[in-house]
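Please read them with the sequence and the model open side by side.

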Amino acid sequence: MNIEIRPVTPPDVPAISALAREIWQATYPGIITQEQIDFMLEQRYGHERLYDDIEDADKWLDQAFYNGRRVGFAFSELYKGEFKLDKLYIHPDVQRQGVGGQLIEHVARRAGKLGYPCVILAVNKRNEKAIASYKKYGFAVRETVVDDIGRGFVMDDFIMEKKL
Ligand SMILES: CC(C)(COP(=O)(O)OP(=O)(O)OC[C@H]1O[C@@H](n2cnc3c(N)ncnc32)[C@H](O)[C@@H]1OP(=O)(O)O)[C@@H](O)C(=O)NCCC(=O)NCCS
């Protein structure tokens with residue numbers, strides 16, 4: 001098994017956007033409605049949005065390759081004075097093989113180098129698989145939040161924290 005982590009560059013944007021749709025469709029039906037999936041994909045993974053994110057000095061977009069195949073990504077950012085793992089998605093074909101763990105380590109190392117005491121993230125309260133993997137990698141629930149994200153949709157999340 002060969003896992004490689006590289007920064008996302010502008011030519012990668014269409015592939016990352018398509019990969020996000022594929023993983024979201026495998027993850028969120030049953031957790032949020034199809035309408036909310038479509039809305040959030042457009043809001044967060046539209047090509048223009050990803051190009052802007054790549055340009056943003058307070059954001060990092062990392063992608064993972066497994067035996068040469070692009071299989072996942074982790075986006076991290078400075079958010080309200082904290083270091084946040086904002087997105088972590090691994091293709092179902094290769095879940096549970098350590099790719100997510102390596103991306104978490106990669107992001108945590110960056111946060112540590114920048115002097116942050118912890119990494120935080122938000123995860124849907126019903127996303128049990130993800131919560132289990134975050135616990136495995138040292139995250140604990142810090143608080144619960146319900147965030148209005150527009151068009152009548154809310155995110156019903158745990159905020160989790162991993163101390164560095
Ligand atoms: C959550 C996720 C990022 C973890 O990445 P991964 O590469 O599968 O994780 P790792 O192989 O490094 O770690 C595996 C751990 O994750 C959890 N996990 C992952 N897939 C699981 C599954 N199908 N069932 C139960 N637990 C699972 C377990 O705790 C597992 O540890 P174990 O195998 O020792 O029991 C990945 O499964 C994923 O992308 N899921 C769908 C998208 C998602 O929910 N992303 C998070 C949004 S906040």
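1. A salt bridge here is a side-chain nitrogen of Lys or Arg within 4 Å of a carboxyl oxygen of Asp or Glu. This is a predicted model, in which local features need pLDDT of at least 70 and side-chain atom pairs count only at pLDDT 80 or more, while totals for chains, interfaces and linings use all residues. Residues are numbered from 1 along each chain as its sequence is written, and side-chain values use heavy atoms, with hydrogens and water left out.

2. Over residues 3-164 the chain is 37% helix and 38% strand, with the end C-alpha atoms 23 Å apart. Helices (H or I, at least four residues) and strands (E, at least two) are DSSP runs, numbered from the N terminus.

3. Searching the whole structure gives 15 salt bridges. In one of these, the side chains of Asp 12 and Arg 70 meet at 3.1 Å, N to O. Asp 12 sits in the loop between strand E1 (3-7) and helix H1 (13-27) and Arg 70 in strand E3 (residues 69-79), so the pair ties together parts that are 58 residues apart in sequence. Asp 12 is buried at 13% relative accessibility, whereas Arg 70 is partly exposed at 24%. Buried means under 20% relative accessible area, exposed over 50%, and partly exposed in between (1.4 Å probe, protein chains only).

4. Arg 69 and Asp 93 also form a salt bridge through their side chains, at 3.0 Å, N to O. Arg 69 is in strand E3 and Asp 93 in the loop between strand E4 (82-90) and helix H4 (99-113), so this pair ties together parts that are 24 residues apart in sequence. Arg 69 is partly exposed, at 37% relative accessibility.

5. Another salt bridge stays within a single helix. The side chains of Arg 49 and Asp 53 meet at 3.1 Å, N to O, and both residues lie in helix H3 (residues 47-55), 4 residues apart, or about one turn of the helix. Arg 49 is partly exposed, with a relative accessible area of 29%, while Asp 53 is buried at 3%.

6. Which residues are linked in a network of salt bridges? They are Glu 82, Arg 142, Glu 143, Glu 161 and Lys 163. Glu 161 is in strand E7 (residues 153-163) and is buried, at 14% relative accessibility. The side chains of Glu 161 and Arg 142 are joined by a polar contact of 2.7 Å. A polar contact is a pair of N or O atoms within 3.5 Å; within protein, one must be able to donate a hydrogen and the other to accept it, and residues adjacent in sequence count only if both atoms are side-chain atoms.

7. Two backbone angles deserve a check. Most residues other than glycine have a negative phi. Lys 80, which is not a glycine, has a positive phi of about 50°; Lys 80 is in the loop between E3 and E4 and is exposed, at 72% relative accessibility. Arg 96, also not a glycine, has a positive phi of about 70°. Arg 96 belongs to the loop between E4 and H4 and is exposed, with a relative accessible area of 89%.

8. Arg 96 comes up again at the ligand. The ligand is surrounded by 22 residues, and the closest are Ile 90, Arg 96, Gly 98, Ser 133 and Tyr 137; a residue counts as near if one of its heavy atoms lies within 4 Å. A polar backbone atom of Arg 96 is 2.7 Å from an oxygen atom of the ligand. A polar backbone atom of Gly 100 is 2.7 Å from a ligand oxygen, and a polar side-chain atom of Lys 136 lies 2.8 Å from a ligand oxygen. The protein covers 82% of the 900 Å² of accessible area that the ligand has on its own. These areas come from the Shrake-Rupley method with a 1.4 Å probe; for residues, only the protein chains shown count as cover.

9. As for the source of the shell, E4, H4, strand E5 (118-124) and helix H5 (128-136) each supply at least two residues. H5 gives the largest share, 6 residues. By type, the shell divides into 11 nonpolar, 8 polar and 3 charged residues. Ala, Val, Leu, Ile, Met, Phe, Trp, Tyr, Cys and Pro count as nonpolar, Asp, Glu, Lys and Arg as charged, and the others, Gly among them, as polar.
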